[in-house]
Structure formats: structure tokens, C-alpha cells
Amino acid sequence: MISFDLATEGADLLDGDSKFGPLDPGNYPAIITGVDWRANKKGNGFYLMINSEVVDGHERAGKYLPAIFLNLEHVNEVAVTMAKKDLTRLCKAIGIEGFKQMEELIDCKFVARVSVDGEYNTIDGFLPMSDAPKPAPAAPAPAANGQNPSPSYRGSNSAPWLNQ
């Protein structure tokens, strides 16, 4: 018999740094982390499932994006046509004309256009990385002489806490 000595006190289960949970609507630089070919639940088709996450360098880096499901083999031809269009858009966004093995998609980067559907995110578009949101500008570096490059308010009434 296996025994565990686990104490969960003090563990924050609602950690804001979780890889799960919704993102705000917007464009996120992403990398494809996994692909899988699966039979659908009804057994009348197959879909390509693509997993991705927000890439390093973005404030939400490492956050999982919603999986992309593409019904590439299905009895409903409209579903197949829509899936092929979405896959073509994704291929154009990552800069390839096509692929022979689904694993070729792994580590490819694109920009995911994320929207909110109720409590969940959906990816409703793919853009090339050249359209990735620009990172916020870095804070100004201190001046070489060690002085703060910010304007001085000494002697001014606009920042009385500095008048000491």
C-alpha cells in the first residue's frame, strides 16, 4: 500500500501565473507545441489537433492557448472545407506552403488572434510573426553619472514630497 504525507495548507490553487485560464482578447505570439491525429467521438471522421502556447518575450509567455481542431476527414464536407481553409491560413502565417508530416508544424511560430467566447478563449485567426504585438518599451536606464534621468521636481509645488 502506498502512503502519502502531503500538506496543502498555504497552497494557492488560484495562482494567477497558471498556464491555464482565459486570456484577454487580442493578438498573441505563439509557438506550436504539439500535434495529434484523432478519431472524432462519433467515429465518422478524424481531426488534427494543434496545441500552442504564448512564446517567450511576451508578458503572458508560457500560457496555453486553446487547442485548434481541424476536421480534415469527416462526413460533412462543409466541415472539411472550413478545416482546410483554416489549415491553409495557419500554414501561410507560419510561412510554409504545406507539409508531409504533421510533426513539421511543431516549433513553428505564428500570431494567434484570440477572442473570448463566454468564459473560454477561441483562436479565430492566424497572422505571421511579423504582425506580433511589439513589447512594451523598457524603463529608461539610469544616467552614467548615477543620477536619475527623470526630470527634477525639487522646489516645485507639483511634487511636494520631494521638497525636503
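The largest nonpolar core has 25 residues, and Ile32, Leu48, Ile50, Leu65, Leu70, Leu90 and Phe110 have the most contacts inside it. A nonpolar core here is a set of buried Ala, Val, Leu, Ile, Met, Phe, Trp, Tyr and Cys residues joined through side-chain atoms within 4.5 Å. The elements β1, β2, β3, α1, β4 and β5 each supply at least two residues of this core, and α1 gives the largest share, six residues.

This is a predicted model, in which local features need pLDDT of at least 70 and side-chain atom pairs count only at pLDDT 80 or more, while totals for chains, interfaces and linings use all residues. Residues are numbered from 1 along each chain as its sequence is written, and side-chain values use heavy atoms, with hydrogens and water left out.

**Overall make-up**

- Helices (H or I, at least four residues) and strands (E, at least two) are DSSP runs, numbered from the N terminus.
- Of the 164 residues in the chain, 29% are buried. Buried means under 20% relative accessible area, exposed means over 50%, and partly exposed lies in between (1.4 Å probe, protein chains only).
- Among contacts with a separation of 6 or more, 50% join residues 24 or more positions apart. A contact means heavy atoms within 4.5 Å.

- The five strands form an open sheet in the order β3-β2-β1-β4-β5, with antiparallel pairing. Its edge strands are β3 (68–74) and β5, each of which pairs on one side only.
- From one strand to the next, the twist averages 45 degrees. Axes are lines fitted to C-alpha atoms, for helices over the stretch in contact, and angles run from 0 to 180 degrees between N-to-C directions.
- Five bridges join strand β2 (residues 45–54) to β3 in the antiparallel sense. Two strands count as paired if DSSP finds at least two bridges between them.
- In this part of the sheet, Phe46 stands opposite Glu73 in β3.
- Helix α1 packs on the sheet and touches β1 (26–39), β2, β3, β4 and β5. The direction of α1 makes about 130 degrees with that of β3.
- Leu90, one of the core residues with the most contacts, touches Ile32, Ile50, Phe110 and Phe126, not counting residues up to four places away in sequence.

**Salt bridges**

- Three salt bridges are found in the whole structure. A salt bridge is a side-chain nitrogen of Lys or Arg within 4 Å of a carboxyl oxygen of Asp or Glu.
- Asp36 and Arg38 form a salt bridge through their side chains, at 2.8 Å from N to O. Asp36 is partly exposed at 29% relative accessibility, and Arg38 is partly exposed at 34%.
- Arg89 pairs with Asp86, their closest N and O atoms being 3.0 Å apart. Both residues lie in helix α1 (residues 77–94), three residues apart, about one turn of the helix.
- Arg89 has a relative accessible area of 44% and is partly exposed; Asp86, at 30%, is also partly exposed.
- Asp124 and Arg113 meet through their side chains at 3.1 Å, N to O. Asp124 belongs to strand β5 (residues 120–127) and Arg113 to strand β4 (residues 109–117), so this pair ties together parts that are eleven residues apart in sequence.
- Asp124 is partly exposed, with a relative accessible area of 41%, and Arg113 is partly exposed at 38%.

**The loop between α1 and β4**

- Asp107 is located in the loop between α1 and β4. Its phi is near 75 degrees, a positive value in a residue other than glycine.
- With 55% relative accessibility, Asp107 counts as exposed.
- Phe99 also lies in the loop between α1 and β4, and at 26% relative accessibility Phe99 is partly exposed.
- Not counting residues up to four places away in sequence, Phe99 touches Leu87, Cys91, Glu104 and Leu105.
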